[in-house]
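Thanks for coming. I have one structure to go through today, so let me put it on the screen.

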Amino acid sequence: MPKETLITDIQRFSVHDGPGIRTTIFFKGCPLRCKWCHNPETLQFENELVYTKKECILCGDCKEACAEKAVSIIKDKVYIDEKKCTLCLECTQVCPSRALEPAAKKYNSTDLAKEVLRDQDFYNTDGGITLSGGEPLVQAQFLEEFLPLVKNATHVAAETCGYWSYEALNNVLNMIDLFLFDIKAAESKRHEELTGKPNDMILKNLEKLIKDGRQVQVRMPVVQGFNDDTDNLAKTSDLLKSFGLKSITLLPYHTLGEVKLAKINSDISPLNIRSMSKKELGKISEFFKSCGIESN
Ligand code: SF4
Ligand code: SF4
């Protein structure tokens, strides 16, 4: 039996997740809990319900379908009692307006490979597929089966938080052409405050990837008031230089994650801040430049 995993989305014609035109696969589950997560529906490893209030016509079909009596309709909104819900997903099957949907769909490695290779003709020479999430690289066993099915046909990039076992990925790393590797904070204590995990293992993995000659592009999600202070930027620059790196990709904070947060039951609270402006991002870029690091 081929291995299965949960996928929250397959985004086609993506131009922001690596070189060229790409198909991005969002794996479900992540060991980190970044306060600003842009994809909060990918955090839990289990499936979950996504409720879009504006699509709900308050028909009550979900309530009728739920054998566990986990659904209530109060005023103009559906509520799910998490303690009663068994995630049978029956309510999502009967919802006529797709107001209730499962966050993810189960794929086996063969079907996922077929699905993404449908786009092969659009990748040209520099495009391909990007593994994203969530954290794709914690799914070593699935990737061991999936990557050989796509590797010979296309370029493979992985967007990663770096929090995984290098040893567990021994059979997988050589099938990934490009690592888009996030650094969120230079100091481990600060990293833990912002993401729930220290960064010691993350930095060791980055160092090993570079030493092993893998192609790595470091990226930094920049969130105003959380990691955009000059102390963190200077320490991040020092870190990059200590690894022999000369550039960083900046990912400015945007509020899409907060829109998604309103649709799920998450342990992350909205930051209630605006998206980062071009001018603010420009200043970060200038600071990195003054430290000898180019940014894009
Ligand atoms: S997923 Fe199943 S148990 Fe949970 S609310 Fe829907 S029907 Fe009820
Ligand atoms: S079945 Fe769908 S549209 Fe009807 S009340 Fe439930 S969530 Fe709303």
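What should the 13 residues of helix H9 span at 1.5 Å a residue, and how far apart are its end C-alpha atoms? Before the answer, a caution: this is a predicted model. Helix H9 covers residues 278-290. After H9 comes Gly292, and its phi is positive, near 90°.

Four residues from domain 1 and six residues from domain 2 make up the contact.

How much area is buried between domain 1 and domain 2? The figure is about 470 Å², and carbon and sulfur atoms give 52% of it. On the domain 1 side, Ala104, Lys263 and Asn265 lose the most area to domain 2; together they account for 76% of what that side buries. As for salt bridges across the interface of domain 1 and domain 2, the rule finds zero.

Last, ligand 2. Which residues come nearest to it? There are 14 residues around ligand 2, and the nearest are Cys56, Cys59, Cys62, Cys95 and Ser97. By class, the shell around ligand 2 holds eleven nonpolar residues, two polar and one charged.

That is what I have; questions are welcome.

Terms used: Residues numbered from 1 in each chain as written. Chains lettered and ligands numbered in written order. Predicted model: local features only at pLDDT ≥ 70, side-chain atom pairs only at ≥ 80, totals over all residues. Heavy atoms only, no water. Near = heavy atom within 4 Å. Nonpolar A, V, L, I, M, F, W, Y, C, P; charged D, E, K, R; others polar. Helix = DSSP H or I, 4+ residues; strand = E, 2+ residues; numbered from the N terminus. Expected span 1.5 Å × (residues − 1). Contact = heavy atoms within 4.5 Å. Buried area = accessible area lost by both parts, 1.4 Å probe. Salt bridge = Lys/Arg side-chain N within 4 Å of Asp/Glu carboxyl O.
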